[in-house]
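Dear colleague,

I am handing over the structure we spoke about, with some notes on what came out of the analysis. Please keep it open beside the text as you read.

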Amino acid sequence: MGVMMSLINLPVVLASSSPRRHELLQQVAIAHQQCSVEIDETRLPNELATTYIERMVSEKSQAMLSTNHLNLPNNYLLITADTIGVLQDGQVLVKPMNFDDAVQMWQKMSHTTHQVWTAVQVSLIQLIANNPIIIWQKQQTVKTEVEFIQLSFEQMQAYWETGEPCDKAGGYAIQGQGGAWVKKIYGSYSNVVGLPLVETIDLLQQAQQMTIKQKIS
C-alpha cells in the first residue's frame, strides 16, 4: 500500500481522461478510478481567468452527478481539475485550435515568462436514496511561473508536427518534448503537468477527515 493511500480509506475517482493526471496519481501510489466527464469549456465574454478556471472544476464535479453511477462506489472522493496558461497581461492560454493559433500563443510566450494555473477540487460524494450528493467540497488554484527560451519559427513548426501540443493548455507539455523550451520554473512542477500533487493530497486528507467526523465508510 502506498504511503498516501494508508491515510485515505474511501475510493478515489478522477473525473478526467488525462493520462498525465492519471500518471501523477499513480506516481504517489494513490489508487483511483478514472472517469471522463464532458462539459462546455467555452470561456464566457470578459470572464476573468480565476473565475473561468474555478467554474470549470465546479461544473465538472456537477456533471459527474448526472453520469451513470452503476460502476462507481456509493461513497467516494472525487477529484476534478482544470489547467490553463496565463500571460503576463492576463490573457488566457487554452488548447490551440490549429497551428496558426499555436504560433500566436508561442510568440507571446517566447523568451519571457507565463504562468500555469491548475484549479483542483476534491468533493465528497455520498449516495443518498440512490442519488449522488456532494456533502463536502473544497478547491484550490495553484500557480507556477514558467520561463521559455527564445523560440524560432522552425522550432514551433517542428514541435507542432509532433502532435504533442494539440490537447495541451498553452500548447506544450513540460513532461514531453515541450520541456526543451522550458528554461526555468518557479513553483510546482506537477502543477504544470496538470495536477498539483501536494495540494491535491492535502484536499484528499481534509475530505478524509470529514468522512471520519460524519462516520462515512
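Two strands count as paired if DSSP finds at least two bridges between them. By that rule strand 1 (residues 12-15) and strand 3 pair in the parallel sense, over three bridges, and within this arrangement L14 stands opposite I79 of strand 3. Please bear in mind throughout that this is a predicted model.

With strand 5 (residues 113-128) it pairs in the antiparallel sense over twelve bridges, where L77 has L124 as its bridge partner. The hairpin of strand 3 and strand 4 has five residues between the strands, and in it G90 takes a positive phi near 95°.

As to burial, twelve of the twelve residues in strand 3 are buried. In a regular strand the side chains alternate between the two faces of the sheet. Both faces of strand 3 are covered, with N75, L77, I79, A81, T83 and G85 buried on one side, and Y76, L78, T80, D82, I84 and V86 buried on the other.

Finally, a word on the cysteines: the structure holds zero disulfides. C35 counts as buried because its relative accessibility is 16%, under the 20% cut-off, whereas C166, with a relative accessible area of 36%, is partly exposed.

With best regards

How values were computed: Residues are numbered from 1 along each chain as its sequence is written. This is a predicted model: local features need pLDDT of at least 70, side-chain atom pairs count only at pLDDT 80 or more; totals for chains, interfaces and linings use all residues. Side-chain values use heavy atoms; hydrogens and water are left out. Buried means under 20% relative accessible area, exposed over 50%, partly exposed in between (1.4 Å probe, protein chains only). Helices (H or I, at least four residues) and strands (E, at least two) are DSSP runs, numbered from the N terminus. A disulfide is a pair of cysteine sulfur atoms within 2.5 Å.
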